[in-house]
Amino acid sequence: TWAVPCEAVVSTQSTGGRNEYIDTLKSLGDKYKKRKFGWVWSFAGEQDKLQESLEIGGAGYPALAALNIKKNAVLHHRGGFSKDSINEFLQYVIAGRIAPSVLRKDVPKLRKATPWDGLDGQMPEEEDYSDLDDMELEDLDAVKTEL
């Protein structure tokens, strides 16, 4: 049985964008429910050990992979995160038209995740460097050093 773990960036992604991704996965989950795929959705970094073991993330988000623990195999989705692209990927998984990679690390147990509050993420606060204008710097032309 293939599981389909998915990671997505939520800190800078708008609520509408995240909901669109989740709706896409729900729609495909309904389409493939007879296939007994397991689905996992997490935001980037929340399940870092899983990301590491599946070798996903880091090269862009959202990321999608199909995992078969019994076969110790993983398939990476390389296309866009659209319904058509993911549907095509799942068709290839079912038909065996993609060569799986061997899992190089054990798949860890999932950590308890913080539920998404449904709101937009907050950008990190930037440092205020306005007070640097008040600093007196030495005139580099006036300072001569020999090498």
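Contact here means heavy atoms within 4.5 Å. Everything below comes from a predicted model.

**View 1. T24 and what it touches.** T24 sits in helix 1, which covers residues 15-31. Leaving aside residues up to four places away in sequence, T24 touches S82, K83 and I86. Is T24 buried or exposed? With a relative accessible area of 14%, T24 counts as buried, because the cut-off for that label is under 20%.

**View 2. Y21 against F81, an edge-to-face pair.** Stay with helix 1 for this one, since Y21 belongs to helix 1 as well. The model has three aromatic pairs, and Y21 with F81 is one of them. The ring centres of Y21 and F81 are 4.9 Å apart, and the planes make an angle of 75 degrees. That makes the pair edge-to-face, because the planes are over 60 degrees apart.

**View 3. Y32, F37 and W39, one aromatic cluster.** These three residues group into a single aromatic cluster. Zoom in on Y32 and F37: their ring centres are 5.9 Å apart, with 55 degrees between the planes, so this pair is tilted. Y32 is buried at a relative accessible area of 5%. F37 is buried too, at 11% relative accessibility.

View 4. Now for the charged side chains. Side chains of opposite charge can pair when their charged atoms come close. How many salt bridges does the model contain? The count is three, and D48 with R111 is one of them. The closest N and O atoms of D48 and R111 are 2.6 Å apart. D48 is in helix 2 (residues 48-54), while R111 is in the segment after strand 5 (101-102), so the bridge ties together parts of the chain 63 residues apart in sequence. Both ends are partly exposed: D48 has 35% relative accessibility, and R111 has 42%.

View 5. For E52 and K105, the closest N and O atoms lie 2.5 Å apart. Buried, exposed or in between: where does E52 fall? E52 is partly exposed, at 43% relative accessibility. K105 is partly exposed as well, with a relative accessible area of 41%.

View 6. Which residue does E55 pair with? Its salt-bridge partner is R104, and the closest N and O atoms of the two are 3.0 Å apart. E55 lies in the loop between helix 2 and strand 3 (63-68), and R104 lies in the segment after strand 5. The two residues are 49 residues apart, and the pair links distant parts of the chain. E55 is partly exposed, with a relative accessible area of 44%. R104, on the other hand, counts as exposed: its relative accessible area is 68%, and the label applies because that value is over 50%.

Conventions: Residues numbered from 1 in each chain as written. Predicted model: local features only at pLDDT ≥ 70, side-chain atom pairs only at ≥ 80, totals over all residues. Heavy atoms only, no water. Salt bridge = Lys/Arg side-chain N within 4 Å of Asp/Glu carboxyl O. Helix = DSSP H or I, 4+ residues; strand = E, 2+ residues; numbered from the N terminus. Buried < 20%, exposed > 50% of the residue type's maximum accessible area, 1.4 Å probe, protein only. Phe/Tyr/Trp six-rings, centres within 6.5 Å; stacked < 30°, edge-to-face > 60°.
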